[in-house]
Amino acid sequence: MELTRYSVIEDKNPREIVLLRGRGCAWRRCRFCDYHLDASKDEQVNLALNCAALAQVTGQYARLEAINSGSFAELDETTVAEIERVCREKGIRDLHIESHWIFRKTLPALRARFAAVGVTLHVKIGVETFDADYRERVLDKGIDETDPAKIAAGFDDCCLLFGLAGQTADGMTRDIETGLRYFDRVCVNIMVPNTTPVRPDGAARAAFVRDVYPRYRDNPRVDILLENTDFGVGELK
Ligand code: SF4
């Protein structure tokens with residue numbers, strides 16, 4: 001699979017972004033997800049690929065997003081050290097990463113590690129929806145907490161997933177408002193066809209585009225990815 005692994009996001013929250021590769025998602029159960037397939041147990045091969053992506057970072061916005069198809073904790077230490085080096089050398093002051101709920105206890109030490117080199121960590125969690133029953137029964141997301149405030153406690157930003165069967169404009173709006181109340185930033189992903197049995201729902205997507213998108217399109221705290229490659233990394237068509 002040939003993936004684009006470096007891009008620059010120019011509009012909201014301008015930043016460079018790299019798509020790195022780790023040992024693979026430890027959870028791997030979310031029913032809508034197949035991007036955990038971007039993984040390898042070979043640390044040296046991952047490191048070479050990650051170094052090639054990180055070598056393109058210029059530091060132009062002093063802000064970098066380093067994602068992998070899973071959680072930051074699944075990156076090898078050699079790659080984390082390389083991220084740290086690039087942050088220092090390119091003057092990165094803010095680093096955005098992603099983490100599943102199950103790794104929340106690893107985050108304080110990671111924040112301290114990057115703070116020691118002058119970098120503020122912003123950690124994004126995939127919540128997908130604050131409707132805990134739908135999230136766990138239908139999506140199998142693996143967050144054993146229903147209170148949004150408690151979910152948000154160890155994290156800064158959240159991802160939401162819309163365009164799924166049963167979702168309504170009211171429900172999606174409620175999710176974004178909850179996200180904005182408890183998190184610094186909200187990233188909305190719209191379900192696209194992939195290799196899982198979960199299909200995008202045309203009615204839910206249409207409701208989002210018609211009734212929800214116009215309200216948040218210009219909100220500087222809300223990223224909206226109508227296609228999952230809108231950040232410029234991943235499997236570009
Ligand atoms: S959405 Fe994230 S946590 Fe869930 S299976 Fe995919 S990579 Fe793993």
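Tutor: E1 and E2 make a hairpin with 5 residues between them, and Asn 13 in that turn has a positive phi of about 45°. Strands here are DSSP runs (E, at least two residues) and helices likewise (H or I, at least four), numbered from the N terminus. Bear in mind that this is a predicted model: local features need pLDDT of at least 70, side-chain atom pairs count only at pLDDT 80 or more, and totals for chains, interfaces and linings use all residues. Residue numbers start from 1 along each chain as its sequence is written.

Ser 7, for instance, has Ile 17 in E2 as its bridge partner. Strands count as paired if DSSP finds at least two bridges between them.

Axes are lines fitted to C-alpha atoms, for helices over the stretch in contact, with angles from 0 to 180 degrees between N-to-C directions. Contact takes C-beta atoms, placed from the backbone, within 7 Å.

Then there's a helix pair: the axes of H1 (residues 43-54) and H2 (residues 77-90) come within 9 Å and cross at roughly 15°. H1 and H2 are therefore roughly parallel to each other, a label for angles under 35 degrees. Their contact uses Glu 43, Asn 46, Leu 47, Asn 50, Cys 51 and Leu 54 of H1, with Thr 78, Thr 79, Glu 82, Ile 83 and Val 86 of H2. By class, that's 5 nonpolar, 4 polar and 2 charged residues. Nonpolar means Ala, Val, Leu, Ile, Met, Phe, Trp, Tyr, Cys and Pro, charged means Asp, Glu, Lys and Arg, and the others, Gly among them, are polar.

Key
Angles under 35 degrees count as roughly parallel, over 145 as roughly antiparallel, 65 to 115 as roughly perpendicular and the rest as oblique. Two residues are in contact if their C-beta atoms, placed from the backbone, lie within 7 Å.
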